[in-house]
Amino acid sequence: MKKRTSIWAAVCILMLLVAACSKAEPSGTAAEKGEGGVEIVTIEVMTRDASAPTRVTNFVEAAESLNKKLEEEGSKQRVKVEQIVKSMGEEEFDQHFIFASKSGNTADIYATGYSKVGWMADGDYLLPLEGIDQQKVFENLMPGYWDAVKWDNRIWGVIQDTEARPIFFNKNVLKKLGWTDDQIKSLPQKAENGEFTLAEMAELAQKAVDQKATGGGLLLTAGGKDLPIIFLNHGTEVYDAQAGKYVLDKAGLTDTFTFLSKAVNNGTMERSFLSTGKDDMLKAMINDDVLFLQAGIWDEAKWRTRGMHNKLGNVTSEYVMDNIGVMVMPTAKKGMKPVTVSNPWVYVVPKKTKHPELVTRLLVEVSSPKLQAEHGVQTSHIPFTKEGQEYDTVKQNAWLNYVGYLTSYSRFMPNHPDQPKFEKILKDATQNIVNGDMSPEQAVSWMEKQMKLNLGDAFK
């Protein structure tokens, strides 16, 4: 009986191995025969961002453009795109990507945030895109944006879009506080000039709460690319780009933690802001329930499409601009240059793709000004080349013209392989401040220990 059982177990194991091997074949770039002996190559394109489907749907038109060129060249290959939209969080996406890469079952192209380039390239998951920067479509790429897709002096992706993270302010709440239209209109310029500081913003937010002009004073979204903005505008440095190492700016961190501690203690900010859902914050802003909100320019599309207004449901761009203002986050000291953080999305190619040449050419086609513009207008993102920004539909779009200037204040967080670790350390330290579990000085000491422990040689 034991012998028969062991034989059956061996058969089961063999069946599992066969199944696993069959799944290990890359599912992307499958080939089939078309008319005239043409080979149809299926290229899979995946995004985890269901709110911006154009990140993958634009490839359909890009494939049509590429196929015309292939036909003119006399090629026997044609491209067909399979669109994959899987809504998932960053950590889930990372796990999905790593598992698919190790099992040989990746899509051919992934749309993702640029800061993943570092660990994906360092982990030997990606195909380097040597020479793609010489393609004409990228000739007038926004300055500095190739850095977002570089690691170890090689290019590992192409930019898909860009954006900025401003402070939204509610004009109706300011009017309840006695502000005139001229005062409201001049606020963004004062923030740009360093005349309106973080302390003044916090004082105004507290006044709004104390006088019951609104339910909330100041909300900050706490994503990995959002939270650093409050630190950067205190003059806090977190990374030495030349050395390629993270740094501990004790004075800047202490100042920022002190600001946040005071804000939550006096009720200017809710202690729960780190865990509050983004949509709840956006609903508060569009319904006059908060004075200031740090969010992203793309969130305007959510007000247009997700029915967030309590009475009107979806609202137009004109309604947003009439009722909500946009400015850079003010700085801690007068005269400082303000900073916003941009998290451009990029396309990357797993190294196991079967058709690297076709995939690379498809990336060039999807980067056309027309397709940049279609994505930008639909999702409230900014095209990444001069031609895309000057496309007619972009130039005629009121919202993109309203917020486009913000990109001149953008900085990138590093796309270092250890960036996810640093983001977690910074957020955990901030959580300790918000909870009242640590003093600013204790939080800085805690960060130092965690950075030494988790970042190793990447910590200066």
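Visitor: Why is K351 called partly exposed?
Guide: The relative accessibility of K351 is 37%. Buried means under 20% relative accessible area, exposed over 50%, and partly exposed in between (1.4 Å probe, protein chains only). The value for K351 falls in between, so K351 is partly exposed. This is a predicted model, in which local features need pLDDT of at least 70, side-chain atom pairs count only at pLDDT 80 or more, and totals for chains, interfaces and linings use all residues. Residues are numbered from 1 along each chain as its sequence is written, and side-chain values use heavy atoms, with hydrogens and water left out.

Visitor: What makes D124 and K351 a salt bridge?
Guide: A salt bridge needs a side-chain nitrogen of Lys or Arg within 4 Å of a carboxyl oxygen of Asp or Glu. The closest N and O atoms of D124 and K351 are 2.6 Å apart, so the pair qualifies. D124 sits in the loop between α4 (117–122) and β5 (150–151), and K351 in the loop between β15 (345–348) and α13 (356–366), 227 residues apart. Helices (H or I, at least four residues) and strands (E, at least two) are DSSP runs numbered from the N terminus.

Visitor: How do you know whether E423 is buried or exposed?
Guide: E423 has 17% relative accessibility, and therefore counts as buried. K225 is buried too, with a relative accessible area of 4%.

Visitor: What links E423 to K225?
Guide: A salt bridge, with the closest N and O atoms 2.5 Å apart. E423 lies in helix α18 (residues 419–435) and K225 in the loop between β9 (216–220) and α8 (228–232), so the pair ties together parts 198 residues apart in sequence.
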